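This briefing concerns one protein model and is arranged by topic. Please consult the sequence and the structure shown below while reading.

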Amino acid sequence: MREIILTRMTWEDVKKCVTEKSIVLVPVGSIEEHGPHLPLLTDSIIVEEVVKETAKRVIKEGIPTLVAPTIAFGYSSRDVMKFPGTIALRIDTFIDLVFDYLTSLIHHGLRRILVVNSHGQNYGALRVVARKIYEKTSVPIAIVPLCTLLAREVIMKYRKSDLGGILHAGEVETSVMLYLEKELVKLEKVSREVTVPPSPILGGDAMLRGKIFLTTWSYWRSEKGILGDPTVAREEFGKVVFDKIVEELVSIVKELYFKVFPKIEES
Ligand SMILES: [Zn+2]
């Protein structure tokens, strides 16, 4: 099978990918506490596996695809810094890092870029970077805001937790990690930490958007670094969610490759 990981290729291999107008998938996660039961690298592990599996499938369908290195360093708000291990970039550092990274790809001629993000607090900054890059290079960057949202339907259908159970280190992330990296999940450490937000305008669950944006975490007081209910997590649910995310991402890549990017390039 052909190599799909950018950093394992030579520059001549990459040159060929440029000629083929490959689509580049860029996973973005975090190194952030995920309660006493999940590793710091949770977001990054999930998004990298999602992207690799997606790339394998679309390549089989004839779409030249590259998996670029995972950006594991993300923006995390100060509220999580009380839990040891989190590595938080300042928002400007994060923006600069992503800017330099993506403009390097563009410099080499890779202009079909899809950023797949798995860490909610990165999203606003990623949109800012995309705009900055467009201003400078005229290359539009596609972003999937939060990869778990791609499985929204199946999550709502099969979830066991009530609203508030899926936000951070809760039912979804713990289930997906049980499916992907079971040995990294400390099931004996799971506990339920569900905080109802002070008003419905805030949402309070990853599947329920609030009406307003409020700087994340500031109204929650999490004791163990969990916002949700990992006690109902299970591997089978994790598999269903993972498969659905990949299926949705495959169809997004196809739409971009066959319809969106060619249209942008001809204009
Ligand atoms: Zn997470």
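The axes are lines fitted to C-alpha atoms, for helices over the stretch in contact, and the angles run from 0 to 180 degrees between N-to-C directions. The model is predicted, with local features needing pLDDT of at least 70 and side-chain atom pairs counting only at pLDDT 80 or more, while totals for chains, interfaces and linings use all residues. Residues are numbered from 1 along each chain as its sequence is written, and side-chain values use heavy atoms, with hydrogens and water left out.

**Zinc site**

- The zinc ion has H34 (NE2), D43 (OD) and E173 (OE) as its protein donors, at 1.9 to 2.1 Å; donors are N, O and S atoms within 2.8 Å of the metal (3.2 Å for Na, K and Ca), and since water is not among the atoms, sites may look incomplete.
- Along the chain, the spacing of the zinc donors is H-x8-D-x129-E.
- H34 lies in the loop between β1 (23-28) and α2 (42-60), whereas E173 belongs to helix α6 (residues 171-180), so the pair ties together parts that are 139 residues apart in sequence.
- Helices (H or I, at least four residues) and strands (E, at least two) are DSSP runs, numbered from the N terminus.
- H34 and E173 are both buried, where buried means under 20% relative accessible area, exposed over 50%, and partly exposed in between (1.4 Å probe, protein chains only).

**Packing of α2 with α6**

- The axes of α2 and α6 are 10 Å apart and form an angle of about 60°; the two helices are therefore oblique to each other.
- The crossing of α2 past α6 is left-handed; a crossing is left-handed if the near helix is turned anticlockwise from the far one by less than a right angle, and right-handed if clockwise.
- On the α2 side, T42, D43, I45, I46 and E49 meet E173, V176, M177 and L180 of α6, contact being defined as heavy atoms within 4.5 Å.
- This contact of α2 with α6 comprises five nonpolar, one polar and three charged residues; Ala, Val, Leu, Ile, Met, Phe, Trp, Tyr, Cys and Pro count as nonpolar, Asp, Glu, Lys and Arg as charged, and the others, Gly among them, as polar.
- The zinc donors D43 and E173 are both among the residues of this contact.

**Packing of α2 with α7**

- Helix α7 (residues 235-266) and α2 have axes that come within 9 Å and cross at roughly 55°, which makes α2 oblique to α7.
- Here α2 passes α7 in a right-handed crossing.
- E49, V50, E53, T54, R57 and V58 of α2 meet F242, D243, I245, V246, L249, V250 and V253 of α7.
- The residues of the contact between α2 and α7 divide into eight nonpolar, one polar and four charged.

**Packing of α6 with α7**

- With axes 7 Å apart, α6 and α7 pack at an angle of about 95° and are therefore roughly perpendicular to each other.
- From α6, the contact involves E171, V172, S175, V176, L178, Y179 and L180; from α7, it involves E235, F237, G238, K239, V241, F242 and D243.
- The contact of α6 with α7 has eight nonpolar, two polar and four charged residues.
- Y179, found in helix α6, is partly exposed, with a relative accessible area of 28%.
- Not counting residues up to four places away in sequence, Y179 touches E235, G238, K239, F242 and D243.

**Other residues of interest**

- K254 lies in helix α7 and counts as partly exposed at 27% relative accessibility.
- Leaving aside neighbours within four places in sequence, K254 is in contact with E61, I63 and K259; K254 and I63 are 191 residues apart in sequence and 7.8 Å apart in space, C-alpha to C-alpha.
- P27 is found in strand β1 and, at 0% relative accessibility, counts as buried.
- Beyond its neighbours within four places in sequence, P27 is in contact with V47, E48, V51, A68, P69, T70, I71 and V116.

**Backbone exceptions**

- Most residues other than glycine have a negative phi.
- S138, in the loop between α4 (123-137) and β6 (142-144), has a positive phi of about 65° although it is not a glycine.
- A169, in the loop between β7 (166-168) and α6, has a positive phi of about 60° and is not a glycine either.
- A169 counts as buried, at 0% relative accessibility.

Methods
Parallel < 35°, antiparallel > 145°, perpendicular 65-115°, else oblique.
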